[in-house]
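This report describes the contacts, cores and salt bridges of the structure shown below.

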Amino acid sequence: MSSYFRITLQRSGIGLTKRTQGVLKALGLRHRMATVFYPVTPEVAGQIMKVKELVSVQEVAKPLSKEELKAERRPDPGFYLESAARR
Amino acid sequence: MFGAFKPTNSLGGGLLWKIPWRLSKFQKARQRKRLRAVDTVVATLDKALAKKSITTKAVERWKEEMPVEQEMVPRDKYTIFDRKEKKYRKSIRKLPKWTRVSQRINPPGY
């Protein structure tokens, strides 16, 4: 069974060492609240340990696409459209 | 106002920024929250790796050496060791980037 780390950058790396900022760059975390998915491997775990103060991590079964991530953020519209009942 | 022991003020080029030595209760609460957030990240990594029966040196070493937030004494949460300071302790806010770096253990006996 494969599982993935869902990594979200919570705190910016501005002003931290080149090494820390480099790890963020290598993980593809360019902006705060950016989310990336990586398979559970010792290499990725080591990278996360370098930036553990800046990120939040979850273990998920499968990675989400960009569209799915956007749909997650979309707020509840507060209404729904009724369809006509069949007569 | 005048005399030998008048306080220096900002106009006289004296101390203008007065930073309180202690953290407020809200700052301390946020500090604990940050410590727990790091604990959560490490626990998540550990659980995910354990499922695949992988061990990683960085995670193992952290677990072995670093106390979790609940195990730490307040002294270590809010102050750090400094050899130049009176009583060898100063507020953790004096540590550069203190909200984004881990500083949990201090020399034993201090």
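## The surroundings of Glu69(B)

In this predicted model, Glu69(B) touches Arg32(B), Leu35(B), Arg36(B), Asp39(B), Lys77(B) and Arg104(B), its neighbours within four places in sequence being left aside. Glu69(B) is located in the loop that runs between α2 and α3 (74–78) of chain B. Its relative accessible area is 5%; because the limit for a buried residue is under 20%, Glu69(B) counts as buried.

Two others, Asp39(B) and Arg104(B), form a salt bridge with each other, with 2.8 Å between the closest N and O atoms. That pair links distant parts of the chain: Asp39(B) belongs to helix α1 of chain B, Arg104(B) to the segment after β2 (89–91), and 65 residues separate them. Both Arg104(B) and Asp39(B) are buried.

## Chain B as a whole

Chain B contains three helices and two strands, arranged from the N terminus in the order α-α-α-β-β. Of its 110 residues, 30% count as buried. When contacts in chain B between residues at least 6 apart in sequence are considered, 57% of them join residues at least 24 apart.

A further salt bridge within this chain connects the side chains of Asp46(B) and Lys63(B), at 3.0 Å from N to O. Asp46(B) is part of helix α1 of chain B and Lys63(B) is part of helix α2, so the pair ties together parts that are 17 residues apart in sequence. Asp46(B) is partly exposed, at 23% relative accessibility, and Lys63(B) is likewise partly exposed, at 40%.

## The nonpolar cores

The largest nonpolar core comprises 27 residues, and Phe5(A), Ile7(A), Leu29(A), Ile48(A) and Val55(A) have the most contacts inside it. Elements of both chains give two or more residues to this core: β1 (4–9), α1 (18–27), α2 (42–50) and β3 (55–60) from chain A, and α1 (25–51) and α2 (57–65) from chain B. The largest share, six residues, is supplied by α1(B). Apart from this core lies another, of six residues, which includes Leu23(B), Tyr78(B), Ile80(B) and Trp98(B).

Ile48(A) illustrates how the two chains meet. Residues up to four places away in sequence not being counted, Ile48(A) touches Phe5(A), Ile7(A), Val55(A) and Val57(A) in chain A, together with Val41(B) and Leu45(B) in chain B.

## The interface between chains A and B

Contact between the chains involves 25 residues of chain A and 20 residues of chain B. The area buried between them is about 1800 Å², and carbon and sulfur atoms give 69% of that area. On the chain A side, the residues that lose the most area to chain B are Met49(A), Lys52(A) and Glu53(A), which together account for 30% of what that side buries.

Five residue pairs are in polar contact between chain A and chain B, both residues of each pair being at pLDDT 80 or more. On the side of chain A that touches chain B, α2 and β3 each supply at least two residues. By class, that side has 12 nonpolar, nine polar and four charged residues.

## The salt bridge between the chains

The structure holds 12 salt bridges over all chains, and the count between chain A and chain B is one. In that bridge, the side chains of Glu59(A) and Lys51(B) meet at 3.1 Å from N to O. Glu59(A) lies in strand β3 of chain A and Lys51(B) in helix α1 of chain B, so the pair joins two chains.

How accessible are Glu59(A) and Lys51(B)? Glu59(A) has a relative accessibility of 22% and counts as partly exposed. Lys51(B) has a relative accessibility of 56%; because the limit for an exposed residue is over 50%, Lys51(B) counts as exposed.

Note on methods
Residues are numbered from 1 along each chain as its sequence is written. Chains are lettered from A and ligands numbered from 1 in the order in which they are written. This is a predicted model: local features need pLDDT of at least 70, side-chain atom pairs count only at pLDDT 80 or more; totals for chains, interfaces and linings use all residues. Side-chain values use heavy atoms; hydrogens and water are left out. A nonpolar core is a set of buried Ala, Val, Leu, Ile, Met, Phe, Trp, Tyr and Cys residues joined through side-chain atoms within 4.5 Å. Buried means under 20% relative accessible area, exposed over 50%, partly exposed in between (1.4 Å probe, protein chains only). Helices (H or I, at least four residues) and strands (E, at least two) are DSSP runs, numbered from the N terminus. Contact means heavy atoms within 4.5 Å. Buried area is the accessible area (1.4 Å probe) that two parts lose on being put together, summed over both. A salt bridge is a side-chain nitrogen of Lys or Arg within 4 Å of a carboxyl oxygen of Asp or Glu. A polar contact is a pair of N or O atoms within 3.5 Å; within protein, one must be able to donate a hydrogen and the other to accept it, and residues adjacent in sequence count only if both atoms are side-chain atoms. Ala, Val, Leu, Ile, Met, Phe, Trp, Tyr, Cys and Pro count as nonpolar, Asp, Glu, Lys and Arg as charged, and the others, Gly among them, as polar.
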